[in-house]
Amino acid sequence: MFELREVSRVFGRKAAVDSVSFAVPSGQMVGVIGRSGAGKSTLMRMLNRLTDPTSGSIVFDGLEVSALRGSALRRWHRDCAMIFQQFNLVPRLDVLTNVMLGRLNYRSTTMSVLGLFTREERIMAIAALERLGIEQTALQPAGTLSGGQQQRVAIARALMQQPKVLLADEPIASLDPMNAKIVMDALRDINEREGITVITNLHTLDTARAYCQRIIGMAGGRVVFDGTPADLTTEAVNRIYGADGAIDETMTSTSINPVPAYKPAAAGALMPAVN
Ligand SMILES: Nc1ncnc2c1ncn2[C@@H]1O[C@H](COP(=O)(O)OP(=O)(O)O)[C@@H](O)[C@H]1O
Ligand SMILES: [Mg+2]
């Protein structure tokens with residue numbers, strides 16, 4: 001369970017995130033939507049502690065995330081994986097090494113600096129790549145892959161962390177529709193099979209509707225909607241995006257082919273990572 005209590009982040013005199021409170025039960029797949037500048041990325045970065053809140057508290061399973069320091073913060077960066085719009089891989093390193101870097105917070109700095117990975121870590125990395133259908137790219141420099149493949153490498157790296165939570169900041173904003181679907185399907189699969197909580201910022205409404213059991217809408221740093229896709233009426237959409245005709249094609253267009261609506265995972269589904 002993730003609990004946010006009146007979380008704010010101020011830059012200068014402007015509150016990028018303004019007194020946000022909500023709770024996310026473990027295993028939920030949540031989509032966060034809103035206009036550019038609404039505070040989505042800042043909120044996500046605070047959950048991962050890439051950004052510190054100015055005030056308020058963030059608690060995960062009783063752990064006060066917003067107060068962590070030193071090795072406890074390092075452990076949190078391991079438990080809370082994050083993927084980004086621009087993938088954040090090391091382009092000149094091969095794909096396998098990029099994936100193994102997901103183990104960084106599990107090992108000594110010396111071992112990491114020397115690039116020494118164990119046989120188990122290699123096997124684990126190859127299994128993660130196989131699961132995402134890109135094992136054939138293992139020895140290529142990550143920078144030579146297509147965007148869709150690079151995002152799948154980033155997901156494989158996140159899986160190597162064996163995280164409790166997976167955060168994704170606009171993971172498909174740079175991808176074509178086919179790759180967007182592959183990446184969203186992979187996030188859903190991780191949510192359903194491992195029961196990992198997934199919280200993702202999304203720039204298209206239809207993707208949030210199709211993949212997320214819960215949608216949080218932000219405007220001006222505040223939560224202005226929190227409900228199911230079915231609750232997301234035209235009135236609610238106007239509250240999130242503004243009723244001034246600001247809803248343009250990029251927000252509502254079908255960026256992904258229709259997919260079945262969210263189905264809760266079977267209770268206790270903890271399957272081995274086999275594709
Ligand atoms: N590091 C920063 N310094 C100053 N202002 C920032 C910083 N990060 C974000 N902001 C501001 O906070 C607001 C919310 O930004 P952001 O969280 O990136 O929104 P979104 O991801 O919804 O587009 C914006 O007005 C943005 O300019
Ligand atoms: Mg953003």
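**Sheets, ligand shell and loops of a predicted model**

Within strand β2, A15 is the bridge partner of V10. The model is a predicted one, in which local features require pLDDT of at least 70 and side-chain atom pairs count only at pLDDT 80 or more, while totals for chains, interfaces and linings use all residues. Residues are numbered from 1 along each chain as its sequence is written, and chains are lettered from A and ligands numbered from 1 in the order in which they are written.

Strands (E, at least two residues) and helices (H or I, at least four) are DSSP runs numbered from the N terminus, and two strands are taken to pair if DSSP finds at least two bridges between them. Strand β1 (residues 2-11) and strand β2 (residues 14-24) run antiparallel and are joined by seven bridges. The hairpin of β1 and β2 has two residues between the strands, and G12 there takes a positive phi near 65°. Four strands, in the order β2-β1-β4-β5, form an open sheet with antiparallel pairing. Because β2 and β5 (63-64) stand at the edges, each with a single partner strand, one side of each is left without a neighbour in the sheet. Helix α1 packs on this sheet, where α1 touches β1, β2 and β4 (55-60), and the direction of α1 makes about 60° with that of β2. Contact here requires the C-beta atoms of two residues, placed from the backbone, to lie within 7 Å; axes are lines fitted to C-alpha atoms, for helices over the stretch in contact, with angles from 0 to 180 degrees between N-to-C directions.

Strand β3 (residues 29-33) runs parallel to strand β8 (residues 197-201), and four bridges join them. G31 stands opposite T200 in β8.

Around ligand 1 are F11, A16, G34, S36, G37, A38, G39, K40, S41 and T42, a residue being near a molecule if its C-beta atom, placed from the backbone, lies within 6 Å of it. Helix α1 (residues 40-47) gives the most to this shell, with three residues. The shell comprises three nonpolar, six polar and one charged residues, where Ala, Val, Leu, Ile, Met, Phe, Trp, Tyr, Cys and Pro count as nonpolar, Asp, Glu, Lys and Arg as charged, and the others, Gly among them, as polar.

Positive phi values in residues other than glycine occur at Q162, near 45°, and at E170, near 50°. Q162 lies in the loop between α6 (147-160) and β7 (165-169), and E170 in the loop between β7 and α7 (177-194). Q162 is partly exposed, with 16 other C-beta atoms within 10 Å; E170 is also partly exposed, with 19 C-beta neighbours inside 10 Å. A residue is buried if 20 or more other C-beta atoms, placed from the backbone, lie within 10 Å of its own, exposed if 12 or fewer, and partly exposed in between.

The mean pLDDT of the chain, the predictor's confidence in each residue from 0 to 100, is 88, and 85% of the residues reach 70 or more. Over residues 263-275 pLDDT stays under 50, and the model has 14 contacts beyond four places in sequence for them.
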